Amino acid sequence: MEDLLQVGVITQTHGIGGEVKVFPTTDDKRRFKKLKEVLLDTDKEKIALEIEGVKFFKELVIIKFKGIDNINDVAAYKGKSLYVTRANAVKLERDEYFIADLIDIKVYDEVDNYLGILTNVIETGANDVYEVLFEDGRKVLFPAIKQCILNVDIENKTMKVHVMEGLLS
């Protein structure tokens, strides 16, 4: 399991006072209002930054970090990712999972035949879709619905699915 979960990517600076525009990679961008701290991945190290202020503009989040008051102090962080520790992550409901925990999980059918590895989660709005790479190189899409996803075991990195009629053709 990943210890850090990505919540956003800095897209650019905002004004001259050290604010940044962040593209959220979390389902609910309003969660930034509750965050006290994020970890900035500079590619060389992860730096803890305290959040001083949060505003919203269209699909972006505008963040002001404590102690960073100049555009020159944040300009180098364009394109860098922001993370939270698992302890600071949002609490999940039943049958909800972090995408980072699903990637590379082994997928089996209901009679325990190995199918492949989950390689991607596609967020469609209605329900997520899990992309599974089969051993023969095929990519098969499984809707993340109860009729199809029978069991997810994050600890053992396995998923059991019902292969619905027509799904493999």
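A: A pocket is an open set of points on a 1 Å grid over the protein atoms alone, where a 1.4 Å probe fits, with protein on both sides within 12 Å along at least five of seven lines; lining residues have an atom within 4 Å of a point. This is a predicted model: local features need pLDDT of at least 70, side-chain atom pairs need 80 or more, and lining totals use all residues. Residues are numbered from 1 along each chain, and side-chain values use heavy atoms, without hydrogens or water.

Q: How much space lies in the second largest pocket?

A: Volume is the space filled by probe spheres set on the points. Here, that comes to about 200 Å³. The lining includes D28, R30, R31, N88 and V90. By class, 6 of its residues are charged, 3 nonpolar and 1 polar.

Q: How much space lies in the largest pocket?

A: About 1000 Å³. Its lining has 34 residues, with D27, Y97, F98, I99 and D128 nearest the centre. Of the lining residues, 20 are nonpolar, 9 charged and 5 polar.

Q: Which element gives the most to that lining of the largest pocket?

A: Strands are DSSP runs of E, at least two residues long. Strand β11 gives the most, with 4 residues.

Q: Is D41 buried or exposed?

A: Buried means under 20% relative accessible area (1.4 Å probe, protein chains only). D41 counts as buried because its relative accessibility is 16%. D41 sits in strand β3, residues 37-41.

Q: What does D41 touch, beyond residues up to four places away in sequence?

A: Contact means heavy atoms within 4.5 Å. D41 touches K46, K80, S81 and Y83. A polar atom of the D41 side chain also lies 2.9 Å from the backbone nitrogen of D43.

How values were computed
Buried means under 20% relative accessible area, exposed over 50%, partly exposed in between (1.4 Å probe, protein chains only). A polar contact is a pair of N or O atoms within 3.5 Å; within protein, one must be able to donate a hydrogen and the other to accept it, and residues adjacent in sequence count only if both atoms are side-chain atoms. Ala, Val, Leu, Ile, Met, Phe, Trp, Tyr, Cys and Pro count as nonpolar, Asp, Glu, Lys and Arg as charged, and the others, Gly among them, as polar.
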